[in-house]
Structures are given as structure tokens and as C-alpha cells.
Amino acid sequence: MSKNMEPVDQREALQSALASRERPPKASPVSASLTFGGRSLLKIKYVPEQLFDITAFPIIFLLMFTYMFGGAIAGSTAEYLQFVLPGVLVLTVVMITMYTGVELNNDITKGVFDRFRTLPIWRPSVLVGALLVDLVRYTAASAIMITLGLILGFRPEGGVIGVLLGVAILLVFSFSLSWIWTTLGIIMRSEKSLMGASMMVLFPLTFISNVFVDPQTMPGWLQPIVEINPVSMLVVAVRGFMEGSAAMADVGWVLLVSAVLVAIFAPLTMYLYYRK
Amino acid sequence: MEQQTYAIEAEGLVKTFGETRAVDGADLTVPKGTVYGVLGPNGAGKTTTIRMLATLLQPSAGRARVFGHDIVEEADQVRARISMTGQFASVDKDLSGMENLVMLGRLMGYTKPEAKKRAKELLYAFGLGEAAKKQVKTYSGGMQRRLDIAASIVVTPDVLFLDEPTTGLDPRSRNQVWDIVRMLVDAGTTVLLTTQYLEEADQLADRIAVIDQGKVIAEGTSGELKSSVGSGKLHVRLFHPETRELAKQVLGRKLGTVVELASDPSALSTWVNDVNRAAHAIGELEREGIAVSDFSLGQPSLDEVFLTLTGRTAEAAETTENEETEAQG
């Protein structure tokens, strides 16, 4: 039956490759997650355009909001920059988290996910790996915006440590928030419907907040709504760190919200992922 | 080490999607170290069955064990022993062949150097050495399918599920895949494959389950299936189409069977159980003055088996199923 299309030594190679019944020990959760992270990095290598969101957004958003609103809201753009940069940083990174869901939604319909699901690995590793790489993306976006801010005259009172702590808590929150997008990314049938749903959540979440203006200037009925918005809490914490006046309570609230998000949406995502 | 004789045992597997019963009580027993073919038209429930056995779908009812491990309760133990090559490439088309295999090697627990070594070995063995660094989306269909199978044996599994392994492949690539399956079984792996090609099941499978509308309607070796519908079919073609009615009467009388008229106006056929009676019947045609252009008596093809079992040809069944699927979708 065999047509001997390949040279004889290749047939032998095939035989010996098939004969190997070596069974390595099970991959550890860390190693599996890092391998999936490596997969995401390789994708960036092949499609570098996908870095557009983390490079262009920070620059456009910071320039746009600083110079558009600065004069009207704070009297001068230089003063407004001090106030608005932590807020726009939060806005930008929180917006970018949405792409986690979009990528998963695109990815999950591909055949390779069937293979991942039949592997004897720590189940969440496929998502944890992707989210770890997203953390790198968020860090890069933050670095770009802060660098631009410094060039434009942003002078954080909290110093280097304050800025780093501000970025750190932003990353914690963004990682936690991403699990909402992974959940939606699995549920939604198309990228379009996913984008629609994500925007419905994101727009109120980021704009009904203290990102652009002090809530004290808002009508009384709106202030409590703005204050219980998790994004406002995050902005307060990040501003606190960067201004060198962070309060433990503000930081505590952000960490609590993050923990609750992970506790609800990580198991939900995993359940849906293995049911799909 | 293990005492089981069967690699896979499934009892009354059911999978419903809303109102549709995609799999409706499938029983399968697959002996170790064999190739088991699940044969049926599109939409018969083959893919759903294989996805349940590979732990990708949970059965709505019934149970199945792979090497003694329950596919629901002990899914992790099952996953440690199986590999699955899906109908559509189960590799990452955005990455290169090498990157795919190294990634899977790492996920299976190899260290990075080990994973690279195994990936190189497999790429060479599967004739993909030169394409190793190219993105999989640039591969031909046959190359993708070979990489897909290579990805399934990064660690040689005890059971390999192949969902329509040669659909859409040219004959040369198909033969390569068949060769690989045979060598894999020689090396001790049990293979369960689905196919809609009767020839493929005939060529590869030790045992075959014919599945239609979610049910196993026949099971056995290819020979058993064929003999269950009669020892063979006598095909006769006449010189003169106008003598066909007479020939039909003669054959019917001599053989005591139902004679079918083929679409070719000078051809007719019938099942026969006894070769000698068939020879006599042909002789009788000559005595009646009916000129026979040619005749043949052969083992029935699996296509004929399918027709006899379901009353439809495989193609007709496929068309109906497709229409139903489209109507639902």
C-alpha cells in the first residue's frame, strides 16, 4: 500500500518517532501558564499592528484630553495635566483591557482550542497565560503615557516610588477586570456583539467617574454614584500614590473590588470555557 | 499493568442540543491496539460522539470509559492518555510548525530543550522539516493535516481520535495519512477515526460502526458488515435494453430475489446468496436468447451496505442532513 513517497530513512524516522512512548511529568501550572504567555508573545511577533492600542491610545488620549479640557476645567493645561494624567492613565488601560475578551473571542472558535482542552494541564493556564502577557501590554501603555506626561511637564509629588505603586495597583485592577471580558468573550457569539456589550459597560464605567473632573462640581445626586464607581476608587488610589498622599482605605477598596471580580468571574470563565 | 481488553467502552451515549438528538444512544467497544472506524454521512453524529469521548463535550446521558477511566468523572486521567485531531486544523495557524510543536511539548511537560528535540524529530519524520519555520497558514492541506497528527503524538497517546482525517485531501496526502495511522497502530496506539468515506473505513479499520441519525445501526468487521447484507451483488448488463424486462423476470424466477433496475437502461442487479445459483441464472439468460454484454459478482461495497441498512445512499443521507442543518442554522 505504501507508495514510498519519502526516502527510506524518513520512514525509519517516522517509525522511531512513533515508537517513543516516553511520558514526561505533568507540566506545572506556572510552566503551562508561561507557555501560553509565550504563545501570545509569538502572536505579537507575527502581527505587530496589534500593538497599536497600547502605543497610540495613550498618546492620543493624553494629548486630546489635556489640551481640549485643560483651559476650561483647570484654567491652564499645565495645571490640568497634574490632575488629569492619573485619570486618563486609568481610562486608557481600563479601555485596553477590553481587547483581552476580543482576542479570546477570536481565538476560541479556532480548532487549536479543542486541542488545548484535551491536554492534561492546569485548566486556567490557557487564560492566565494570556492575561499575564496583557499585564505586559498594560505596563507598556502606562510607560508610554507617563513618559509623554513627563515631557509635557507632569511632575508627580509621589516620586518614582509613588508612580510605580500607582501603576502597580492599576495593573492589579486591570487583571481582575479582564476576567469580565474573558467571560463575555466566551459567551458572545461574534466580535461585534462583544464590542457592543463591552462598550455598554465601559463607557458609563469610565466617564461617570472622577477621571476628568472633581466630583464636588457635580450635582448632589450624581456624586454618590460617581463615588461608588470602582473606576473612581481606582483613580483616587492612583492619584493618591502619584501625589504622595495615598490613603490606606482607598487602596483597600480597590483591592477588595479586584478580589471580588476575580472570585466571581474567574470561576465563571473557566466553567463556560470547558462547557463551550 | 492494566487488565482491560478494551480501550474505549461506551454505553448508551446521548447528546442533545435543544430539540436535536445529535447522538441517540451510541454503544461502542473498541479493542486495544486496533483501528476502529465510525462511518456515516455528515450530520450522523460522528463528530459529536468523538468529541464526547475526547472530553470536549459532556454526554447528556449514558457513560463511557477510556482505558477504564470515566470520561466525565475522571476527565483528567482520560486527557493524559488521549490525543485528538479535529476535523478542522487543531493547530495554531498563526504560528510556525516548529512553534506549535514546541509549545505542545512544553504543555505536555517536556523541558524546553526536550520539547525542541522532539519537535525537530517529528517535523523531520512527517516530511515538514523544510517548512518548520513557516507559519502554518501557508501550508498545503496535506501538510496541515500531517502537522496536526504530529501535534497529537508529541507524546504518543494510548488512544488517538481522528475526526475525518482525510476529508479534503488529495489521494497522495490521503495515502500518507493512512500510512501514518497504520504505523501508529503497529506502535501500539488505539485509533478511533470517523469517516464518511466507505473506502477509508474498509482500508484502515479493523472494526466499523455504521452510524446514522445518532444511532449505531450496524457494527462489525468490514467482512461481517458485507456478509450481513448478502454474499454479494450480481450486476448484469445486456446488449439490448429492450430485453431488460424479460431478463428481470428470468433472474427473479431463477434466484427468487428482488431484481433492481439500474439507471443505465441496459443494466440490472440483484443480491445473491449462492454463487452457483448466480452462474446458473446467467446461463438461463443465454438460453432465453438474451445477449449479456457483461456481468459481475462482487462483495458488496460499503456504499451498498449503507444503502441496505438505511434505505438511502450515503450521499442522499448527507443531503438530507445538510438541509436540516441549514434549516436549523
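Me: What pattern does chain A follow, read along the sequence?

Reply: Chain A follows the pattern α-α-α-α-α-α-α-α-α-α-α-α. It has 12 helices and zero strands. Helices (H or I, at least four residues) and strands (E, at least two) are DSSP runs, numbered from the N terminus. This is a predicted model, where local features need pLDDT of at least 70 and side-chain atom pairs count only at pLDDT 80 or more, while totals for chains, interfaces and linings use all residues. Residues are numbered from 1 along each chain as its sequence is written, chains are lettered from A and ligands numbered from 1 in the order in which they are written, and side-chain values use heavy atoms, with hydrogens and water left out.

Me: What does the C-alpha trace of chain A span along its principal axes?

Reply: The trace spans about 85 × 35 × 35 Å.

Me: Why is H4(A) called roughly parallel to H5(A)?

Reply: Take the angle. Helix H4 (residues 77–96) and helix H5 (residues 98–108) of chain A pack at about 10°, with axes 4 Å apart. Axes are lines fitted to C-alpha atoms, for helices over the stretch in contact, and angles run from 0 to 180 degrees between N-to-C directions. Angles under 35 degrees count as roughly parallel, over 145 as roughly antiparallel, 65 to 115 as roughly perpendicular and the rest as oblique. So H4(A) is roughly parallel to H5(A).

Me: Which residues of H4(A) and H5(A) meet?

Reply: A:Val94, A:Met95 and A:Ile96 in H4(A) meet A:Met98, A:Tyr99 and A:Thr100 in H5(A). Contact means heavy atoms within 4.5 Å. By class, the residues are five nonpolar, one polar and no charged. Ala, Val, Leu, Ile, Met, Phe, Trp, Tyr, Cys and Pro count as nonpolar, Asp, Glu, Lys and Arg as charged, and the others, Gly among them, as polar.

Me: Why are H4(A) and H11(A) called oblique to each other?

Reply: The axes of H4(A) and helix H11 (residues 230–243) of chain A come within 9 Å and cross at roughly 130°. H4(A) and H11(A) are therefore oblique. The contact residues divide into 10 nonpolar, one polar and one charged.

Me: What makes H2(A) roughly antiparallel to H3(B)?

Reply: Again, the angle. Helix H2 (residues 29–46) of chain A and helix H3 (residues 97–107) of chain B pack at about 165°, with axes 9 Å apart. So H2(A) is roughly antiparallel to H3(B). The contact has six nonpolar, two polar and four charged residues. Among those in H2(A) is A:Arg39, and among those in H3(B) is B:Met103.

Me: How do you know that A:Arg39 and B:Asp92 meet in a salt bridge?

Reply: Check the distance. A salt bridge is a side-chain nitrogen of Lys or Arg within 4 Å of a carboxyl oxygen of Asp or Glu. For A:Arg39 and B:Asp92 the N to O distance is 2.6 Å, and the pair is a salt bridge. Side chains of opposite charge can pair when their charged atoms come close.

Me: Why does the pair of B:Asp92 and A:Lys43 join two chains?

Reply: The side chains of B:Asp92 and A:Lys43 meet in a salt bridge (3.2 Å, N to O). B:Asp92 lies in the loop between strand S6 (82–85) and H3 of chain B, and A:Lys43 in helix H2 of chain A, so the pair joins two chains.

Me: How many salt bridges does the rule find across the interface of chain A and chain B?

Reply: The rule finds eight there. Over all chains the count comes to 33. In contact are 47 residues of chain A and 56 residues of chain B.
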